[in-house]
Amino acid sequence: RYKNSFIDNLIDIVYCQYMDAVSPEASGIVNQLLTGNKLALARAISNVENGNTPILKSIFKHTGRAYYIGVTGPPGAGKSTLVNQITCQLLDNHKKVGVIAVDPTSPFSGGALLGDRIRMSDLTTREGVFIRSMASRGSLGGLAKATKNVALLFDAFGMDYIIIETIGVGQVELDIASVCDTVVVALVPESGDAIQAMKAGLLEIADIITVNKADREGADRVAIELKFITELRNTKCEWEYPITKTIATEGKGIDELMSLIELHQQYLKISGNFEYKRKQRIKERIKELIDDKIRNLIEKDILTDEKLDTLVNKIYARELDPFQTTDEITRTLFQAIQNEK
């Protein structure tokens, strides 16, 4: 432990100000969740979505056992139908599955249709599955802000697999890669003209690529184009990124897709990449949480909305500049930490 270091002081003050003890009610929810109570799981998810982080601290030591599968791709690629089929296969193999389906939020009302849950309604009667639809609420990475936390609850609940379906994404909404062990990118035959634009983004996070709705014209052509694009990537990696074709509405190609997911899972564990990716995920999560805590600390105690508006007006009038202003805010934060100590 390095005495008087900035980060040491910062972590101490943030912990003291923002880490509340688990309430008796939350403790009861946690205990029931860990025994497999679905009602407790639903309540825990609602609590976490509303910012109740003490629950997460209590359950974290019970996580790390589930395998995370991400399904992403552009709008209309049939992601929900694919997730439905993958989930059915896992349930048939007596696995417990948690599904998180992220829907886009309306920029007008702030609500979401939650259509993914509607498209997976036939799963709700089956044992061993829990589906949670989440509104993106303005998050720009293809996931909702609380997605990672809800996934932890599923993990602690005892799910063998957690499947996360993103909203329809393009080239830059790539959060799914920082959450899941295996990422399946779903495209359609009509994606051919857009593949070149995707090369620097969406396709680079794929572990498996599937051309869904493969009964449509152009599916073979798109599959060949994708193989050419991934050739260079294959020469640099031990894992050869496979291209497969599916017709999810008819269940065709799902067996091959599931075999590829299982093969990728085995590859990660044999190669040591599974542990490496999970540790990288923890590292990025710590940075993300620290960023959130610092921002909350500044907004709560140093830079209120009123003070910010005053600064904005002065900057607009060129009486101040944003760079010097940011330096002053940082110095104020550091001084507050020192005074607290």
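Trainee: Which helix gives the largest share of the lining of the second largest pocket?
Mentor: Helix 11, with six residues. This is a predicted model, so local features need pLDDT of at least 70 and side-chain atom pairs count only at pLDDT 80 or more, while totals for chains, interfaces and linings use all residues. Residues are numbered from 1 along each chain as its sequence is written, and side-chain values use heavy atoms, with hydrogens and water left out.

Trainee: What makes a space a pocket and not a cavity?
Mentor: The test uses a 1 Å grid over the protein atoms alone. In a cavity, a 1.4 Å probe fits but cannot get out. A pocket is an open set of points, with protein on both sides within 12 Å along at least five of seven lines. Lining residues have an atom within 4 Å of a point.

Trainee: How many residues line the second largest pocket, and which lie nearest its centre?
Mentor: There are 20, and Ala177, Cys180, Asp207, Leu268 and Lys277 lie nearest the centre. The volume is about 360 Å³. That is the space filled by probe spheres set on the points, which are joined across faces, edges and corners.

Trainee: Why is Cys180 called buried?
Mentor: Buried means under 20% relative accessible area, exposed over 50%, and partly exposed in between (1.4 Å probe, protein chains only). Cys180 has 1%, so it counts as buried. Cys88 has 16%, so it is buried too.

Trainee: Why is the pair of Tyr67 and Tyr161 called as it is?
Mentor: Rings of Phe, Tyr and Trp (its six-membered ring) pair if their centres lie within 6.5 Å. Planes under 30 degrees apart are stacked, over 60 edge-to-face, and the rest tilted. The count comes to four aromatic pairs. For Tyr67 and Tyr161 the centres are 6.1 Å apart and the planes at 70 degrees, so the pair is edge-to-face. Tyr67 is in strand 1 (residues 67-72) and Tyr161 in strand 4 (residues 161-165), 94 residues apart. Both are buried. Ring pairs link Tyr67, Tyr161 and Phe274 into a cluster.

Trainee: How do you know that a charge sits over the ring of Phe274?
Mentor: The rule asks for NZ of Lys or CZ of Arg within 6 Å of the ring centre and within 35 degrees of the ring normal. The charged end of Lys269 is 5.2 Å from the centre of the Phe274 ring and sits over it. Arg281 lies over the face of Tyr68, at 5.4 Å from the ring centre.

Trainee: Is His94 buried or exposed?
Mentor: Its relative accessible area is 74%, so His94 is exposed. His94 lies in the loop between helix 5 and strand 2 (97-103).

Trainee: What is the phi of His94?
Mentor: About 65 degrees, a positive value, although His94 is not a glycine. Most residues other than glycine have a negative phi. Arg318 also has a positive phi, near 65 degrees. At 68% relative accessibility, Arg318 is exposed.

Conventions:
Helices (H or I, at least four residues) and strands (E, at least two) are DSSP runs, numbered from the N terminus.
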